[in-house]
Amino acid sequence: MSDCLFCNIAQGKTKSRGVYEDEKVFVFEDVNPQAPTHVLIVPKKHIRGLREAQTEDAEIIGYMQLVAANLARERSIEDGYRTVFNVGPLAGQSVFHLHLHLIGGRRMTWPPG
Ligand code: 5GP
Ligand code: ZN
């Protein structure tokens, strides 16, 4: 999708601070970080969001979580981090290409805002 921001970032057409890449996902620093670690894990396949995900997307959704766990280990934030899908506009989803937030490196409160 040429008009999708995260497709363009994953393909290197739009600049970002990349932190990890493999054949399935691209990971980059969030431009507006909410914690010392705030990166976005995006599938290279365009999926609009969790709401639109299909059974065939189950593997990539699980894989995104494992990529987050590996990055958390590498960054030594395993004492506490969050992996978050914002789903739909009321939850704050603003980019409609599936992305998993990995947020950590500080104490976090519950319930979230
Ligand atoms: P959402 O609100 O959809 O769950 O998350 C979208 C995230 O993408 C936000 O945290 C926002 O800061 C980030 N973001 C939006 N535009 C850009 C961009 O152009 N570059 C980067 N690196 N992050 C972006
Ligand atoms: Zn896309």
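A polar contact, as I use it here, is a pair of N or O atoms within 3.5 Å; within protein, one must be able to donate a hydrogen and the other to accept it, and residues adjacent in sequence count only if both atoms are side-chain atoms.

**Ground rules.** This is a predicted model, so I note that local features need pLDDT of at least 70 and side-chain atom pairs count only at pLDDT 80 or more, while totals for chains, interfaces and linings use all residues. Residues are numbered from 1 along each chain as its sequence is written, chains are lettered from A and ligands numbered from 1 in the order in which they are written, and side-chain values use heavy atoms, with hydrogens and water left out.

**Polar contacts of ligand 1.** I started with H99: one of its polar side-chain atoms lies 2.9 Å from an oxygen atom of ligand 1. On the backbone side, I found an N or O atom of G92 at 2.7 Å from a ligand 1 oxygen. V95 also turned up, with a polar backbone atom 3.1 Å from an oxygen of ligand 1. I then looked up burial: alone, ligand 1 exposes 510 Å², and the protein buries 80% of that (Shrake-Rupley areas, 1.4 Å probe).

**The shell.** I get 16 residues around ligand 1, with D30, N86, G92, S94 and H101 the closest; the criterion is a heavy atom within 4 Å. By class I see seven nonpolar, seven polar and two charged residues (Ala, Val, Leu, Ile, Met, Phe, Trp, Tyr, Cys and Pro are nonpolar, Asp, Glu, Lys and Arg charged, the others, Gly among them, polar). Both α1 (5-10) and β2 (25-29) supply at least two shell residues each, and α1 gives the most, with three. Helices here are DSSP runs of H or I, at least four residues, and strands are runs of E, at least two, numbered from the N terminus.

**Aromatics.** My search of the whole structure gave two aromatic pairs. One of them, F6 with F28, is edge-to-face, at 5.3 Å centre to centre and 75° between the planes. It links distant parts of the chain, since F6 is in helix α1 and F28 in strand β2, 22 residues apart. Cut-offs for Phe, Tyr and Trp (six-membered ring): centres within 6.5 Å, planes under 30 degrees stacked, over 60 edge-to-face, the rest tilted.

I logged a cis peptide bond between W110 and P111, omega about 5°; P111 lies in the segment after β5 (100-104). S76, not a glycine, has a positive phi near 55°, and I place S76 in the loop between α2 (58-74) and β4 (81-84).
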